[in-house]
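User: Hey, I've got a structure here and I'm new to this. Can you walk me through it?

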Amino acid sequence: AVERRAVFNSMERAGAGPVYLLPTAKAAAIGCGLPISEPLASLICHIGAGSTEIAVFSLSEAVASESLRFGGQDFDTAIVEHLRNVHALKVGLATAEQLKLRIGSAWPLDAESSGEVSGLDLRSGVPRKGLVTTRDVQEAFRQPLNHLLRAIKRVIEQCHPELVGDLAETGLVLSGGAACLTGLDLLLQEQLGIPVRRADHPRHASILGAAICAEHLRRFRDSLESSDRAA
């Protein structure tokens, strides 16, 4: 509530007119083209850099949701910690991110890839290079992926049984930059037992949704929190 009030105040001081808040999960769902206004369940998982929004929508309302202080940066941190603990090699977050993009995968690959990284040898205290494989990165991802999976299951468990039944058909849609992680859709599909697909434009889904709401504000206005209602 404090953060929402701060957003309203900041926008009003900047000279904006009426201010409306659009939850990230709802924006992403609209940007992905999910039928959130229909009387069936639509499940979205938007994984950003530092936060993740998971929600089930039906009749334009979020019937179950969870917000996590967890995102793509946590995968980078997991790689840093794995290399430190297993290979005694200290690397930065930028290097870890490059490894994630080049050879990272949440699902076993037919052919294992590898990448060479430079860092500080924690035993000798001098710089050295090390070879990191896809299996190393998968091992590093085990904990953050389990954290994400448990959160999605908690949201599904909050739903009415009829809506859970819908999810067996409608499945889960992934959006956000971290949703581009190779094999993430395959892993979640196996663990959840429902169809899982990546949005057509995962990095821009929430922006597209916000643009659609702005363009058709009259249609969406009643379902948004406004500065007038928050006053």
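This is a predicted model: local features need pLDDT of at least 70, side-chain atom pairs count only at pLDDT 80 or more; totals for chains, interfaces and linings use all residues.

User: Okay, which residue is the bridge partner of cysteine 45 in E8?

Analyst: That's leucine 174. The strands involved are E2 and E8 (residues 172–175), which pair in the parallel sense over four bridges.

User: And how does E2 pair with E3?

Analyst: In the antiparallel sense, over six bridges, with E3 covering residues 52–58. E2 and E3 form a hairpin, and four residues lie between them. Isoleucine 47 has threonine 52 of E3 standing opposite.

User: How many residues of E2 are buried?

Analyst: Six of the six, counting residues 42–47, so E2 is largely enclosed by the rest of the structure.

User: What covers that on each face? Like, who's where?

Analyst: Ser42, Ile44 and His46 sit on one side, while Leu43, Cys45 and Ile47 sit on the other, and all of them are buried.

User: Is cysteine 159 buried or exposed?

Analyst: Buried, because its relative accessibility is 9%. Cysteine 32 counts as buried too, at 17%.

User: Got it. What's the strand order in the open sheet with three strands?

Analyst: The order is E5-E6-E7, with antiparallel pairing. E5 (89–90) and E7 (127–133) stand at the edges with a single partner strand each, so one side of each has no neighbour in the sheet.

User: How many bridges do E5 and E6 have?

Analyst: Two, with E6 spanning residues 114–121. Lysine 90 has leucine 120 as its bridge partner in E6.

User: Let's do helices. How far does H5 reach?

Analyst: H5 has 24 residues, 134–157, and reaches 33 Å from its first C-alpha to its last, close to the 34 Å expected at 1.5 Å a residue.

User: Where's the kink in it?

Analyst: At arginine 142, shortly before proline 144, and the kink is about 45°.

User: What does threonine 134 touch?

Analyst: Threonine 134 is in H5. Not counting residues up to four places away in sequence, threonine 134 touches Ile103, Ser105, Leu109, Glu112 and Ser113. Threonine 134 counts as buried because its relative accessibility is 3%.

User: And alanine 140, buried or exposed?

Analyst: Buried, at 8% relative accessibility. Alanine 140 is found in H5, and beyond its neighbours within four places in sequence, alanine 140 is in contact with Ala78, Ile79 and His82.

User: How far apart are alanine 140 and isoleucine 79?

Analyst: They're 61 residues apart in sequence but 5.4 Å apart in space, C-alpha to C-alpha.

Key. Residues are numbered from 1 along each chain as its sequence is written. Side-chain values use heavy atoms; hydrogens and water are left out. The expected span of a helix is 1.5 Å times one less than its number of residues. The bend at a residue is the angle between axes fitted to the seven residues ending there and the seven starting there. Buried means under 20% relative accessible area, exposed over 50%, partly exposed in between (1.4 Å probe, protein chains only). Contact means heavy atoms within 4.5 Å. Two strands pair if DSSP finds at least two bridges between them.
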